[in-house]
Amino acid sequence: MSLFLYYALPALGSYAMLSVFFLRRPHLLHTPRAPNFRIRLGAHRGGSGELLENTMEAMENSMAQHSDLLELDCQLTRDRVVVVSHDENLCRQSGLNRDVSSLDFEDLPLYKEELEVYFSPGHFAHGTDRRMVRLEDLFQRFPRTPMSVEIKGKNEELIREIAGLVRRFDRNEITVWASEKSSIMKKCKAANPEMPQSFTISRAFWVLLSYYLGLLPFIPIPEKFFFCFLPNIINRTYFPFSCSCLNQLLAVVSKWMIMRKSLIRHLEERGVQVVFWCLNDESDFEAAFSVGASGVMTDYPTALRHYLDNHEPAARTS
């Protein structure tokens, strides 16, 4: 045992020093990647706290606040039209208990007159525009605006249609693949490998584990975006579990694991933008930017724009 410790302890010490050294100087091992665009203000579901989610009116409002990114989800209709919709089933959005895939685009119902803001429980959005919008319409209206397209289900036809639209509108570098599942992300990459991708849940866990094991400086990172929930919002505006005790435990553990300036700085220097979601209060904006986040995803782009206009020097140097 003593012989093992004689050799093991110096080796572990050397490894730890090398890991810390390269964690702080990633450019010595990895070629820096310049971003195609920077995210400070991301509009969640097009800015679903101020106007009805995913409508053209909401997108227009977000762009009026100089949003850097429109975040959206897509579904495919029966006649193969890619529409911007968070839910596959239309009941919450319109009151009609039908799936988007069971209807042609022209038969899709209007949104309800008001919708509860998911990350601001008890708050409702209204708007004069209640029509579901085609992804193609968004690409035409905002040709150079970066967008994040999240794929929730294993619908390969939907993925192929989105990939084709992105190519047709020459948006390969400014349209981001997003999905929670690695199996879906694999299909997205195969459909259009030129589009940047964000971390899946399993990949995010792997990066966190690598960070704490000291491996992160030595592993490749193909992703360019880390869209991560802010632990502060758990059990307040985000309830992943039905049990409040589990939510409280997750909030404590995830805050300890994720809110590390050295981790976020390393990712940033490797060309990975860290964007926290979904934040709707100024205190949460402050929490995200204070640890060095690139940007924030919000339902209220006007509130975040106001914060950035008043705190941008501090946010840049935090």
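You are looking at a predicted model, where local features need pLDDT of at least 70, side-chain atom pairs count only at pLDDT 80 or more, and totals for chains, interfaces and linings use all residues. Residues are numbered from 1 along each chain as its sequence is written, and side-chain values use heavy atoms, with hydrogens and water left out.

**Stop 1: salt bridges**

Helices (H or I, at least four residues) and strands (E, at least two) are DSSP runs, numbered from the N terminus.

Next, select R80 and E161, whose side chains meet in a salt bridge at 2.5 Å, N to O. R80 belongs to the loop between β2 (69-76) and β3 (82-84), while E161 is in helix α5 (residues 156-168), so parts 81 residues apart in sequence are tied together. R80 is partly exposed, with a relative accessible area of 48%.

Now show E60 and R141, another side-chain salt bridge, at 2.7 Å from N to O. The pair links distant parts of the chain, with E60 in helix α2 (residues 56-64) and R141 in helix α4 (residues 135-141), 81 residues apart. Both ends are partly exposed: E60 has 30% relative accessibility and R141 has 40%.

How many salt bridges does a search of the whole structure find? The total is 19.

**Stop 2: around L158**

Go back to helix α5 and pick L158. At 4% relative accessibility, L158 counts as buried. Leaving aside residues up to four places away in sequence, L158 touches C74, Q75, L76, V82 and I151; a contact here means heavy atoms within 4.5 Å. Draw a distance from L158 to V82: their C-alpha atoms are separated by 7.0 Å, although the two are 76 residues apart along the chain.

**Stop 3**

Is H44 buried or exposed? Select this residue in strand β1 (residues 41-44), and you will find H44 buried, at 10% relative accessibility. Beyond residues up to four places away in sequence, H44 touches E71, F119, C278, M297, T298 and D299.

The peptide bond from W277 to C278 is cis, with omega near -25°. Carry on into helix α10 (residues 282-290), where the buried residues are D284, F285, A287, A288 and F289. After α10 comes G292, with a positive phi near 95°.

**Stop 4: two backbone angles**

Most residues other than glycine have a negative phi, and most peptide bonds are trans. Select N54 in the loop between β1 and α2; phi of N54 is positive, near 65°. N54 is buried, with a relative accessible area of 0%.

Then select D170, in the loop between α5 and β7 (175-178). D170 is not a glycine, yet its phi is positive, at about 55°. At 55% relative accessibility, D170 counts as exposed.

**Last stop: zoom out**

Show everything as a cartoon and you have 11 helices and 10 strands in the protein. The C-alpha trace spans about 75 × 40 × 40 Å along its principal axes. For 318 residues, a compact globule would have a radius of gyration near 20 Å, and the protein's 21 Å agrees; the radius is taken over C-alpha atoms, and the globule rule is 2.2 Å times the number of residues to the power 0.38.

Color by accessibility next: buried residues make up 50% of the 318. Among contacts between residues at least 6 apart in sequence, 64% join residues at least 24 apart.

How values were computed:
Salt bridge = Lys/Arg side-chain N within 4 Å of Asp/Glu carboxyl O. Buried < 20%, exposed > 50% of the residue type's maximum accessible area, 1.4 Å probe, protein only.
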